[in-house]
Amino acid sequence: MSSNAEQTFYADAVLFDMDGTLTDSIAAVEAAWGKVATDIGQDPAYVIAATHGKRAVDNLAQFKPHIKEHEMDREVQAFEESILYFADAYNKHGPGSLQNSPVNSGATTPALSPSSSTPASRNSSRASSFVGTLAQLAPFRRPSFLHRVSSLLTMSPAIREADSAALENPISEESEEVSEDWRATLQKKHQLEAWQLEAAAVDRSVRILPGVKRVMDSIPKGRYAVATSGARTYAYGCMTRVGITPPEVTITADDKRLKAGKPAPDPFLLAAKELGFDAKRCVVFEDSPSGIRAGVASGATVIAVCTSHERAKIENCGAHYIVDNMEQIEITPEGEGENLRLKFTIKPKPAAAQAQEQEQEQVEKPVALPQAQTKQQSSHPLAAPPITATQPIMAQ
């Protein structure tokens, strides 16, 4: 439930999740987990849904239980390098690279040769490809990604327009030949497996999400941190790719001080401690159900953003506020030194957007008997009446 009124409250510091909150690398992450699923003979849709918002080390332990403890760090790094490869391959090795320079392996992209940075134990598992299984992911991803996949896989390298334009214009035989040329060139220069060729065919670049740069620029240094389920390789790789300088306090999944990852509150508690503030006086920005629950469990005020999940998927996770994205957020420092506080202003959606959402809800609303609903108030000391009612969280 959204509020039509502007909401304000104060806090001392901000704790950001990374992917899905600051950056959008969901296409590359899902492709990487889809590849893992294919390698182990599991349904990609199931694996992708089960792994979102959780640490790679926990996910790999679940889906690849044969990995020994002393091998796990190398496996996590290799997996996260595969995410960055999926993110960079189109523009560095595929059709996107043809406007710039010949195929080459840039310093920020994992090398094309499977043996260059990957433990030998993983090489044999990379024979299978993730090609042809993307349609299975429709219930778990934003529609725009499947749209890009279906169009870009057959797109000429000369066509760099919007996805819709690509679908409206049939691709000529000559364009198809050019598209095959980049594959042939890449295959001649490198010994590639099917998954690497598929990675280079689709643009899965990391992107910064709406409102993020403005919001981060408005917060004084030392008053914000990042606490992510990604390990250092992936986390720093994503942020630097979109122009975000990782803050001094950046808690990654491979931090040995952590006893548990999200949905446990440990990452946010450690981030708040390192900043020098009580987590109860902090605000957490999150996008995933597990991350939202972690923020709530830490005692922080939680603002959930609907950037990777539909509102219905996260509205019962306990967030004090739910917004579409950070375009609805303003943070204003007030005071100086130890007396500095951060004023948070949550703006309602524009009237046109609200009207459109209401129309869509009416269209999709199932026929059902009306049920009485009880509005709940958040008891959090920082929060004004919540935009979305919270559900009580039972002590574990």
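This is a predicted model: local features need pLDDT of at least 70, side-chain atom pairs count only at pLDDT 80 or more; totals for chains, interfaces and linings use all residues.
1. Strand 8 and strand 9 are parallel, with three bridges between them.

2. Strand 8 is worth a look for its burial. Five of the five residues of this strand, 301-305, are buried, so the strand is largely enclosed by the rest of the structure. Thr301, Ile303 and Val305 point one way, while Val302 and Ala304 point the other way, and all are buried.

3. On to the pairing with strand 7. Strand 7 (residues 282-286) and strand 8 pair over four bridges, again in the parallel sense. Here Val283 stands opposite Thr301.

4. The buried residues are Pro289, Ser290, Gly291, Ile292, Ala294, Gly295, Val296 and Ser298. They pack against helix 12 (266-275), strand 7, strand 8 and helix 14 (311-314). After the helix comes Gly299, which has a positive phi, near 95°.

5. As a reminder, strands of a sheet pair through backbone hydrogen bonds, either parallel or antiparallel.

6. Strand 1 (residues 7-11) and strand 11 (residues 341-346) pair in the antiparallel sense over five bridges, and Phe9 has Phe344 as its bridge partner in strand 11. Strand 10 (residues 329-334) also runs antiparallel to strand 11, joined to it by six bridges. Glu334 stands opposite Arg341 in that pairing. The hairpin of strand 10 and strand 11 has six residues between the strands, and Gly335 takes a positive phi near 90° there.

7. Which residues have the most contacts inside the largest nonpolar core? They are Val14, Phe16, Trp33, Phe285, Ile303, Ile331 and Phe344, in a core of 60 residues. The largest share of this core, nine residues, comes from helix 4 (residues 72-92). A second, separate core has 26 residues, including Leu15, Leu270, Ile314 and Cys317.

8. Leaving aside its neighbours within four places in sequence, its contacts are Leu22, Val215, Met216, Ile219, Tyr224, Ala225, Val226, Ala227, Phe285 and Met326. Phe285 is on this contact list and, like Phe16, is among the residues with the most contacts inside the largest core.

9. A search of the whole structure finds zero disulfides. Cys282 counts as buried because its relative accessible area is 0%, under the 20% cut-off. Cys306 is also buried, at 18%.

10. Is Ser229 buried or exposed? Ser229 counts as buried because its relative accessibility is 11%, where the limit is under 20%. This serine lies in the loop between strand 5 (224-227) and helix 11 (232-241). A polar atom of its side chain is 2.9 Å from the backbone oxygen of Gly53. Beyond its neighbours within four places in sequence, Ser229 is in contact with Gly53, Lys54, Arg55, Ala56, Ala253 and Lys262.

11. Finally, some totals for the protein. There are 15 helices and 11 strands. Of the 396 residues, 52% are buried. Among contacts with a separation of 6 or more, 65% are between residues 24 or more positions apart.

Terms used: Residues are numbered from 1 along each chain as its sequence is written. Side-chain values use heavy atoms; hydrogens and water are left out. Helices (H or I, at least four residues) and strands (E, at least two) are DSSP runs, numbered from the N terminus. Buried means under 20% relative accessible area, exposed over 50%, partly exposed in between (1.4 Å probe, protein chains only). A polar contact is a pair of N or O atoms within 3.5 Å; within protein, one must be able to donate a hydrogen and the other to accept it, and residues adjacent in sequence count only if both atoms are side-chain atoms. Contact means heavy atoms within 4.5 Å. Two strands pair if DSSP finds at least two bridges between them. A disulfide is a pair of cysteine sulfur atoms within 2.5 Å. A nonpolar core is a set of buried Ala, Val, Leu, Ile, Met, Phe, Trp, Tyr and Cys residues joined through side-chain atoms within 4.5 Å.
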